[in-house]
Amino acid sequence: MNELTRRDEMSLAGAALRGAPWKAAAVTGSSVAAVSLLVDLITGSVDLNWVLCVGITLFSLVAAVGAVSRPDHGDRVTQQARRWSRQHPWRFALYPAAGSAILMYPVQLILDREGVFGAAFDALCGGAMIYLITALIIQSMRVHAKKR
């Protein structure tokens, strides 16, 4: 009877992400993208698709992990959502990964020119990578918190 619906889970994940460090995520994503672009310019093989997808990936990872890293900050609703996210890292990680895949799709479609299905596959692969990394990091944070 206490099972959450997908809508409830989405609301909890959104509430947890409300307190994400968006500025730090934007700075991290854009900095790494700029460094990647600089390295590409130095080596002579610029791949703008790679640069943008790396930036999106790090933006999403920093935002998602930062959102749940301090569960005792914020208002009561945000704290409860963050605790739920830490207790269910595999469910929480679905939402930042889906958002990243949605952001990566037009980049893949326009810059990679692989077509609609190729771009969708590449974006889903990027989202799956973000899902796995985010869930594993939050899972390790949870295990580390239990040892204290």
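I take contact to mean heavy atoms within 4.5 Å, and I count a residue as buried when its relative accessible area is under 20%. I note at the outset that the model is predicted.

**Entry 1: helix H1**

I began with H1, which covers residues 6–18. Its 13 residues reach 18 Å from the first C-alpha to the last, close to the 18 Å expected at 1.5 Å a residue. I then asked which residues of H1 are buried. They are Glu-9, Ala-13, Ala-15, Ala-16 and Leu-17. I followed these side by side with their partners: the buried residues of H1 pack against H2 (22–43), H3, H4 (76–87), H5 (89–92) and H6.

**Entry 2: helix H4**

I looked next at H4, one of the partners of H1's buried residues. H4 has 12 residues and reaches 17 Å from its first C-alpha to its last, close to the 16 Å expected at 1.5 Å a residue. The buried residues in H4 are Thr-78, Gln-79, Ala-81, Arg-82, Trp-84, Ser-85 and Arg-86.

**Entry 3: the nonpolar cores**

In soluble globular proteins, nonpolar side chains tend to be buried together. I therefore looked for sets of buried nonpolar residues joined through side-chain atoms within 4.5 Å. The largest nonpolar core holds 17 residues, and Val-68 and Phe-92 touch the most other members. At least two residues of this core come from each of H1, H3, H4 and H7. H3 gives the largest share, 5 residues.

I listed the contacts of Phe-92, leaving out residues up to four places away in sequence. Phe-92 touches Ala-13, Ala-16, Leu-17, Ala-64, Val-68, Trp-84, Ser-85 and Ile-138. Of these, Ala-13, Ala-16 and Leu-17 are among the buried residues of H1, and Trp-84 and Ser-85 are among those of H4.

**Entry 4: Ser-60**

Is Ser-60 buried or exposed? Ser-60 belongs to helix H3, and its relative accessibility of 8% falls under the 20% limit, so Ser-60 counts as buried. Beyond its neighbours within four places in sequence, Ser-60 is in contact with Pro-96, Ser-100 and Ile-130.

**Entry 5: two arginines in loops**

I checked Arg-70 in the loop between H3 and H4. Arg-70 is partly exposed, because its relative accessible area of 49% lies between the limits of 20% and 50%.

I then turned to Arg-113, in the loop between H6 and H7. Its phi is near 55 degrees, a positive value in a residue other than glycine. Arg-113 is exposed, because its relative accessible area of 73% is over 50%.

**Entry 6: the largest pocket**

I ended with the largest pocket, whose volume is about 240 Å³. Its lining has 13 residues, and Trp-50, Cys-53, Val-54, Thr-57 and Met-129 lie nearest the centre. Which helices each supply at least two residues of this lining? They are H3 (48–69), H6 (94–112) and H7 (116–147). H3 supplies the largest share, 6 residues. By type, the lining divides into 7 nonpolar, 4 polar and 2 charged residues.

Conventions: Residues numbered from 1 in each chain as written. Predicted model: local features only at pLDDT ≥ 70, side-chain atom pairs only at ≥ 80, totals over all residues. Heavy atoms only, no water. 1 Å grid on protein atoms, 1.4 Å probe; cavity = no way out; pocket = protein on both sides within 12 Å on 5 of 7 lines; lining within 4 Å. Points joined across faces, edges and corners; volume = space filled by probe spheres on them. Helix = DSSP H or I, 4+ residues; strand = E, 2+ residues; numbered from the N terminus. Nonpolar A, V, L, I, M, F, W, Y, C, P; charged D, E, K, R; others polar. Expected span 1.5 Å × (residues − 1). Buried < 20%, exposed > 50% of the residue type's maximum accessible area, 1.4 Å probe, protein only.
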